[in-house]
Amino acid sequence: MAPLFFLRPMDIQHYLQRLKDRYEDRVSLKYDGSRRREMVELKSAMVNALSTVVHNVDVAKLYACDRTTVLHLCGQHESYFMNSKSYRHQYYIALELVNESLMQLPPGIEFGRIGRGDIVQQVKQINQTITFLNEVKDVIKNNGRHNQIYLSGDTGASD
């Protein structure tokens, strides 16, 4: 029998909530909804990591705030990043978790943003390009020096 996880596809909010819980566990801090700086930075780090791959409305629902709050936090990213060591640490953890989650999406969950294309498809295309380039590199290594000269543009002819 298939695991229950695969029988009932997860909705995006449930998936984001699990991601948020993992994030809070990793940074050892639980978001309490207050306006204390440490809570604002905790929320902002995750919002900014998610904002490139998830619709702002979905991120806003995750933190029970308005979409414009998400936009404001995204606008504050550079300031927090430049001035707060804890924010930088939290942001890197959030990015790591978001990137891991993109590679392990369960059935029924799709990330994507209007205007930015489907991030999962972009990641797959990048991975295919890397694989192709590694294969080209192997062919060049195996076929000798003439391929290296050709690819470098150095034909050895003096002008």
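Me: Buried means under 20% relative accessible area, exposed over 50%, and partly exposed in between, with a 1.4 Å probe and protein chains only. What percentage of the 159 residues of the protein chain count as buried?
Reply: Happy to start there! This is a predicted model, where local features need pLDDT of at least 70, side-chain atom pairs count only at pLDDT 80 or more, and totals for chains, interfaces and linings use all residues. Residues are numbered from 1 along each chain as its sequence is written, and side-chain values use heavy atoms, leaving out hydrogens and water. Of the 159 residues in the protein chain, the buried share is 33%.

Me: How many helices and strands are there in the protein chain?
Reply: Both are DSSP runs numbered from the N terminus: helices are H or I with at least four residues, strands E with at least two. Along the sequence the pattern reads α-α-α-α-α-α-α-α-α. The count is nine helices and zero strands.

Me: At what angle do helix α2 and helix α3 pack?
Reply: Axes are lines fitted to C-alpha atoms, for helices over the stretch in contact, and angles run from 0 to 180 degrees between N-to-C directions. Helix α2 covers residues 12-27 and helix α3 residues 37-50, with axes 11 Å apart. Their packing angle is about 130°.

Me: Which residues of α3 make the contact with α2?
Reply: Contact means heavy atoms within 4.5 Å. From α2 come Leu16, Leu19, Lys20, Tyr23 and Val27. On the α3 side, the residues are Leu42, Ala45, Met46 and Leu50.
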